[in-house]
Amino acid sequence: MSAKREHGDDSLMMRRSAPPASSTSLFQRRLLLTLVPCLVAFAASCSKKEEAPAAPASSAAAEATPAAAPADKTLTVGFIYVGPKDDFGYNQAHHEGALAVSKLPGIKIREEEKVPETLDVQKTMESMINLDGAKLLFPTSFGYFDPHILKVAEKYPNVTFLHCGGLYQEGKHPKNVGSYFGYIDEAEYVAGIVAGGTTKTNKLGFIAAKPIPQVLRNINSYTLGARSINPKVETTVIFTGDWSMPVKEAEAANTLIDQGVDVLTAHVDSPKVVIETAEKRGVFSTGYHASQASLAPKGYLTGAEWNWEKVYTAYIEKVKAGQMPDHLVRGGFSSGYIKLSPYGAAVSDAVKAKADEAKAKLTAGTLVIYAGPMKDNAGKEIIPAGTDHPQTDISLESMNYLVQGVKGKLN
Amino acid sequence: MSDTTLGLWGIPLAVLGGAIRVSTPFLFVSLGECITERSGRVNLGLEGTLVMGAMSGYGFSYLTGSPWLGVLGAGVIGSLLGALHGFICGKPRVNDIALGIAMMLLGVGLAFFLGKPLIQPTAPRLGAIPFGFFSSSAQLRSALNVNVLFVIGVALAPLLHFGLQNTRWGLVVRTVGESSEAARALGYNVNRVRLLATAAGGFLAGVGGSFLSLYYPGSWNEGLSSGQGLMAVALVIFARWSPKRCLYASLLFGGAGAIGPALQSVGITTGYYLWNAAPYALTLAILIASSSATRASADMPAELGAAR
Amino acid sequence: MATGGAPNAPSARVDWADIGARLEPFLIPLFALFVSLALFGAFVALAGQPPLEVYYQMYRGAFGTWFSFQNTLQRASPLLLTALCTALPARAGLIVIGGEGAFVMGGLAAGATGVALAGSPRAVILGAMFAAGAVVGAIWIGFCGFLRARRGVNETIASLLLTYIGIALLNHFVEGPLRDPESLNKPSTRHIGEANMLGSIPGLDVHWGLVAGVVACLVAYVLMERTVFGFSAALVGGNARAAKLSGVKVAEVIVITCALGGAAAGVAGSFEVAAVHGRANASLVAGYGYAGILVSFLARHNALAIIPVSLFLGGIAASGGLLQRVFALPDATVNVLQGILFVVLIASDTLYGRIRWRSLAGAR
């Protein structure tokens, strides 16, 4: 039943690609068709509910002209963002990847922004599949995965879903789902070195949304990087409670600066406000997600950035070749999934050399960030001497501690 | 360099700074709504006006290069929205609260739509007056870095208070708000008074919005207002329709908002969500403590209840 | 409805005044709809897009295919319940804008209950979840009613403040005491179990919240329009002092209408957990409660009218994505449309009883 209707709609969609020049009167007719169900629904509260689904179905059938030519070989790719796609942050990083994809031959992209992690995203995915003919979807927000992507993926086995977060589990999740993530804490470690080498008060400030493993790992790596070059450094963390709270982020930034912090960074959807506040107050900052260098020409030291272009273009190649991409894709500096913003003017050559050295070692895989012995900030041993947790170690993805040198307590 | 570590003493200082930084939009919107409501009309749409003011203030500043023209532009846009609300509400049978909600939606929608190209560029922003120049403490100096809009807002509150109580136009507004029949009998055009009061309220709300984008946090983005405009309208009820009390309410609200981050900055992170809810809990507690069933809404303009 | 103030027409000819007055509830919204569509069309044209094609795509996204229509129904269903949270107290003269808080707390209560009863039969778990959601929602808004009735606290501000407090509590519990240690990067309560979840309505890709919402609206309509209680509430809403004199227990009526409204929003939150997420987390804060306020005011707090208004709003929401994707219009485009529509619709209230149908007919 529903399959038939989807099909009917497919032909509808193809009609749309016909040049609209001569079809004004047709559109007027369609306008009337638009209004009728609206009005039926709006004005007649007593009208029977069954009428409404019948009307659009029949009108869709009426519109369905003898099937147009089958779709050309264009691959339609859908990108879904949880916030504005030009937010100087998480969503912009993905959007930049999408733009790179759109430049590939034979690719058409469809984007939808500000889609919440509710049924809305399920409907957006289905709408992209049903109405746009998308065969590959990139729902980019972490919270889209469970239950939303899983549910829709089961329903549409011929569509590929690639999700940012690294959550795929073999055997448990649908086969048409893949998951990718970057070890961005490597870049945070290097940014920490730069911060630790540049700070004068030995106080770093980290403004984060929520105390979740991804965030904690970034805070810890940042602090470990800083203390590797300057053991006196302390990082103070403020959790704002949500991913996009500009006023609270500004308030946190000011409070930290008042406490003597002179390098600020953030793990929220858009670090824009934090970086701008730091610049306004004359302290340093390091960025996250995308480059915020243009917002703080004086104080921006460096930043941990995603490089989704690399991941996405590789994916597209595979899908176009008719293969299912690898279910789980992760990488750090070595695979080029992450990058560092160019060093700012305030970074000394000595610090640059240290940072470059660490970056080279991380790229080569000879530097392990989480190596024992390591204590948390309450003095408890978390990694015994002689134990290494390399980046690929899955246990790092359920991190629930703050390392020595971080001020703050988790619930 | 000696006193970079204020420790726990930083908290009251942060609350003071927070009160000054965060309270300004609440102050302007609530003062504006105060005028409107004293004339016997509610404009719930000020949330939309605030966001529109933030967007247009940033836009005007970007285009003209002058942040003060931005503030002015935001005010003008705000008063246009207010006038539209006032004009439609002047028609018989139109519910001002329902229209306010619709105007809120329209204002926010328009601001987001028109504001897309303004997310990335950087516009000239307002500066601050260093009132803390006397102190050697960097913390105190930053807490007392005050924007002129805040000063204007603080001065405006008693001024409005005086104006409403002691001037002719204040009397007219109050009369219209207490009894439209009496006002009509005295020969005043009730609708015109309310239209002007709503437009004036919109102007202040627009200016309050421009503070968000032009000073603190100081850029345009869509998450800028987490309901500050709606909250400010509610604060008018809390302040029992007195401009002076609007000032206190805004300061209290802004200061309480700084408690959460300040505690975390000295390492107290447990239960941070609950600390972040402090302004709301505190306001509710004071509201409950200060209300009483017997003199319920004695200060409320009589026409507010009757207007539906 | 059709009070038709005009006197009977002198002759036996068609009485335009009467017909016009009777049709006003249909013709005026229709007229408002056309005006706002024209305004929005001009706006879209100014933004450089062809208005008719935009409308066609909106139709496609909201009603044009079977999928789209189900999308609309799905988006409408939480609004049916959250709108009642404003509509029921409004009958007693209260303006409650805290449905979001009751929704969130109802969802949290349902999630916690579902986890606490793990291992019980499915029916028990689901029953208890909805009961918990309803009770917590009822307490949440009932408390506002109580404060109003007993202490004269303004319910509008109290319910708004409680919303922020409720969201803080949700986040606190979900990240603290009730957190599932395995919900790593998206803090949530434990899952109630896939097998215990509520499925879709047979033949539809819409969960049972739709049915619950429609039934709740019908029940609320009967309660408010056809019972003594509804009459008492209307009395209280009209003039509390007069109601008291005529023996109505004003405080009781206020608390009960608030509690019922809160229960409806709490149940909506429970559906979000029982049928969508399977657990409580920050995704509960999705603005359904706030959208309900709008629905209620557009429906003039008439429980029956909430149904079509919700559908209408759901349709606009469902079509929004297509506008972004096809025309690269900003996501706020639908908000602009909603804003224009609702401003015009509410402004059109002034036309009731003021149109001179007879002279309009004569002119034709």
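**Entry 1. Contact of chains A and B**

I began with one pair: Glu251(A) and Arg21(B) form a salt bridge through their side chains, at 3.1 Å from N to O. I count a salt bridge where a side-chain nitrogen of Lys or Arg lies within 4 Å of a carboxyl oxygen of Asp or Glu.

I note that this is a predicted model, in which local features need pLDDT of at least 70, side-chain atom pairs count only at pLDDT 80 or more, and totals for chains, interfaces and linings use all residues. Residues are numbered from 1 along each chain as its sequence is written, chains are lettered from A and ligands numbered from 1 in the order in which they are written, and side-chain values use heavy atoms, with hydrogens and water left out.

I then looked up the totals for chain A and chain B. Four salt bridges are counted between the two chains. The count of residue pairs in polar contact between chain A and chain B is 14, with both residues at pLDDT 80 or more. A polar contact is a pair of N or O atoms within 3.5 Å; within protein, one must be able to donate a hydrogen and the other to accept it, and residues adjacent in sequence count only if both atoms are side-chain atoms.

I asked which elements of chain A give two or more residues to the side that touches chain B. They are β7 (234-239), α9 (246-258) and α10 (272-281) of chain A. Helices (H or I, at least four residues) and strands (E, at least two) are DSSP runs, numbered from the N terminus. The largest share of this side of chain A, ten residues, is supplied by α9(A). By residue class, the side of chain A that touches chain B holds 14 nonpolar, ten polar and 14 charged residues. Here Ala, Val, Leu, Ile, Met, Phe, Trp, Tyr, Cys and Pro count as nonpolar, Asp, Glu, Lys and Arg as charged, and the others, Gly among them, as polar.

I recorded 38 residues from chain A and 41 residues from chain B in the contact, where contact means heavy atoms within 4.5 Å. About 3300 Å² is buried between chain A and chain B, with 47% of it on carbon and sulfur atoms. Buried area is the accessible area (1.4 Å probe) that two parts lose on being put together, summed over both.

**Entry 2. Salt bridges elsewhere**

I found 32 salt bridges over all chains. Lys116(B) and Glu113(A) form one of them, at 3.5 Å from N to O. Lys116(B) lies in the loop between α4 (96-115) and β1 (129-130) of chain B, and Glu113(A) in the loop between β2 (107-112) and α5 (119-132) of chain A, so the pair joins two chains. Both Lys116(B) and Glu113(A) are buried; buried means under 20% relative accessible area, exposed over 50%, and partly exposed in between (1.4 Å probe, protein chains only). I also traced a network of salt bridges that links Glu113(A), Lys114(A), Lys116(B), Glu222(B) and Asp331(C).

Within chain A, Lys155(A) and Glu126(A) form a salt bridge at 3.0 Å, N to O. Lys155(A) is in helix α6 (residues 145-155) and Glu126(A) in helix α5 of chain A, so the pair ties together parts 29 residues apart in sequence. Lys155(A) is partly exposed at a relative accessible area of 40%, whereas Glu126(A) is buried at 3%.

Arg148(C) is partly exposed, at 31% relative accessible area, and Glu155(C) is buried, at 3%.

**Entry 3. Glu303(B)**

Glu303(B) belongs to helix α15 (residues 302-306) of chain B. Its side chain reaches the backbone nitrogen of Ser180(B) at 3.0 Å and makes a polar contact of 3.2 Å with the side chain of Arg194(B).

**Entry 4. Sheet and fold of chain A**

I counted twelve helices and 17 strands in chain A. Of its 411 residues, 60% count as buried.

An open sheet of seven strands runs in the order β12-β10-β9-β8-β6-β7-β17 of chain A, with mixed pairing. Two strands pair if DSSP finds at least two bridges between them. β12 (338-340) and β17 (406-407) of chain A are at the edges with a single partner strand each, so one side of each has no neighbour in the sheet. β7(A) pairs with β17(A) in the parallel sense over two bridges; Thr236(A) has Lys407(A) in β17(A) as its bridge partner.
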